[in-house]
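The sequence and the model come first, and the text follows.

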Amino acid sequence: MSDPNNYKATGVQTPTAPPCSVDTESQTPATGGTQTQNPPVAGTGAGRFIERWKREDMLKKGCFGLRCIALLFSLFAFIIMASNKHGDWRDFDKYDEYRYLLAIAILSTLYTISLVLIQVYQLSTNKEIFSQKNSAFLDFFGDQLMAYLLLSAASSAVPLTNRMRENNDNIFTDFSASAIGMEFVAFLAMAVSAIVSGYKLSKQTYI
């Protein structure tokens with residue numbers, strides 16, 4: 001048998017075992033065999049889907065709010081002009097401009113209240129009455145047409161009201177001016193809603 005002291009005396013080193021290599025990639029963290037999943041990052045398929053869903057939800061709520069504003073001010077314009085009857089020449093139905101303004105206020109009220117009711121149903125039940133493509137078309141052209149009619153009716157009544165106020169500034173002209181102002185606000189709400197509807201329409205796919 002060889003004596004270990006002989007290796008020290010002769011200057012020969014005793015052989016040592018090679019270090020064990022540890023494969024760190026094959027090791028799994030000690031978390032009970034489960035790994036935590038990272039949330040979807042923007043730019044991935046899931047992230048883009050979530051961002052698009054949030055954007056569409058925000059646009060729906062924005063259109064809903066704008067149409068509620070248009071409904072409210074169209075209804076105010078209708079009520080104010082319909083009650084603008086004070087006898088003699090101070091009756092709105094004796095002037096074509098005011099009758100036209102009242103007719104468009106009624107039409108705008110019916111249009112916006114129907115859209116608001118549809119959107120309330122869709123938001124509460126999460127069901128679509130029309131397909132997204134058809135809904136985008138109807139919203140865009142309907143909002144655009146109604147905005148044009150509101151602007152046309154309010155603009156046609158402005159010159160008549162200004163001429164009357166130059167000679168007789170009374171409750172009749174005040175009511176007329178108030179109805180015109182309400183219709184202008186309804187027009188602004190419908191115009192912005194038409195822009196949002198146009199944006200939604202441009203994002204639709206047709207393939």
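Are α3 and α5 parallel, perpendicular, antiparallel or oblique to each other? The model is predicted: local features need pLDDT of at least 70, side-chain atom pairs count only at pLDDT 80 or more, and totals for chains, interfaces and linings use all residues. Residues are numbered from 1 along each chain as its sequence is written, and side-chain values use heavy atoms, with hydrogens and water left out.

The axes of helix α3 (residues 96-125) and helix α5 (residues 171-202) come within 11 Å and cross at roughly 40°. Helices here are DSSP runs (H or I, at least four residues; strands are E, at least two), numbered from the N terminus. Axes are lines fitted to C-alpha atoms, for helices over the stretch in contact, and angles run from 0 to 180 degrees between N-to-C directions. α3 and α5 are therefore oblique to each other; angles under 35 degrees count as roughly parallel, over 145 as roughly antiparallel, 65 to 115 as roughly perpendicular and the rest as oblique.

The crossing of α3 and α5 is left-handed, a term for a near helix turned anticlockwise from the far one by less than a right angle (right-handed if clockwise). On the α3 side, the contact (heavy atoms within 4.5 Å) is made by Tyr98, Leu101, Ile104, Ala105, Tyr111 and Thr112. On the α5 side, Phe172, Ser176, Ala179, Ile180, Glu183 and Met190 take part. By class, this contact of α3 with α5 has 9 nonpolar, 2 polar and 1 charged residues. Ala, Val, Leu, Ile, Met, Phe, Trp, Tyr, Cys and Pro count as nonpolar, Asp, Glu, Lys and Arg as charged, and the others, Gly among them, as polar.

Helix α4 (residues 132-167) packs with α3 and with α5. α3 and α4 are roughly antiparallel to each other, and so are α4 and α5.

| Helix pair | Axes come within | Crossing angle | Contact residues by class |
|---|---|---|---|
| α3 and α4 | 9 Å | roughly 155° | 16 nonpolar, 5 polar, 3 charged |
| α4 and α5 | 7 Å | roughly 155° | 22 nonpolar, 8 polar, 6 charged |

Helix α3 has 30 residues and reaches 44 Å from its first C-alpha to its last. That is close to the 44 Å expected at 1.5 Å a residue, the expected span being 1.5 Å times one less than the number of residues. Just after α3, asparagine 126 takes a positive phi of about 60°.
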